[in-house]
Amino acid sequence: GNDTPASMGNEGSTSAAMIPADNAVATEVTAEAPAVEVAAASAPEAVREEPDVITLKIKTLNSEDAHELRTPRHALVSDFKLQAEEVLGMPAARQRLICRGRVLKDDQLLSDYNLDDGFVL
């Protein structure tokens with residue numbers, strides 16, 4: 001009887017620690033470390049909160065305004081179009097995203113096109 005709840009409790013804490021690994025590490029460093037570690041956290045490489053998330057700008061043919069969208073760097077182009085649909089009000093199927101003269105294909109990842117923060121589509 002006592003073995004089962006103890007093992008279940010350990011499993012729960014293990015999986016909880018594994019899911020937010022990046023957040024847990026950042027929290028531990030901030031909580032445990034002296035000011036030296038906090039200063040290291042403010043280094044340029046740590047400026048981005050999430051290194052796999054980029055901000056892309058979408059500019060439509062009918063507007064001079066660019067809409068900024070934050071998206072995972074490794075998202076499918078088709079998934080990014082769905083995100084853009086919510087902001088632009090244009091169905092994803094009617095969108096044609098172009099960056100640096102190349103049409104982005106729905107079945108490719110954004111990272112396949114070497115897109116980085118601030119790129120305009």
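What share of the contacts in the chain between residues at least 6 apart in sequence join residues at least 24 apart?

1. The share is 43%, where contact means heavy atoms within 4.5 Å. This is a predicted model, in which local features need pLDDT of at least 70, side-chain atom pairs count only at pLDDT 80 or more, and totals for chains, interfaces and linings use all residues. Residues are numbered from 1 along each chain as its sequence is written, and side-chain values use heavy atoms, with hydrogens and water left out.

2. Confidence is expressed as pLDDT, the predictor's confidence in each residue, from 0 to 100. The chain averages 73, and 59% of the residues score at least 70. Over residues 3-48 pLDDT stays under 50, and the model has 6 contacts beyond four places in sequence for them. Where pLDDT is low, the predicted coordinates should not be read in detail.

3. The chain has 4 helices and 4 strands, in the order α-α-α-β-β-α-β-β along the sequence. Helices (H or I, at least four residues) and strands (E, at least two) are DSSP runs, numbered from the N terminus.

4. Of the 121 residues in the chain, 20% are buried, that is, under 20% relative accessible area with a 1.4 Å probe, protein chains only.

5. Gln-95 is situated in the loop between α4 (77-88) and β3 (98-99). With a relative accessible area of 6%, Gln-95 is buried. Beyond its neighbours within four places in sequence, Gln-95 is in contact with Lys-81, Ala-84, Glu-85 and Met-90. A polar atom of the Gln-95 side chain lies 3.0 Å from the backbone oxygen of Met-90.

Technical notes. Buried < 20%, exposed > 50% of the residue type's maximum accessible area, 1.4 Å probe, protein only. Polar contact = N/O pair within 3.5 Å; in protein donor to acceptor, adjacent residues only side chain to side chain.
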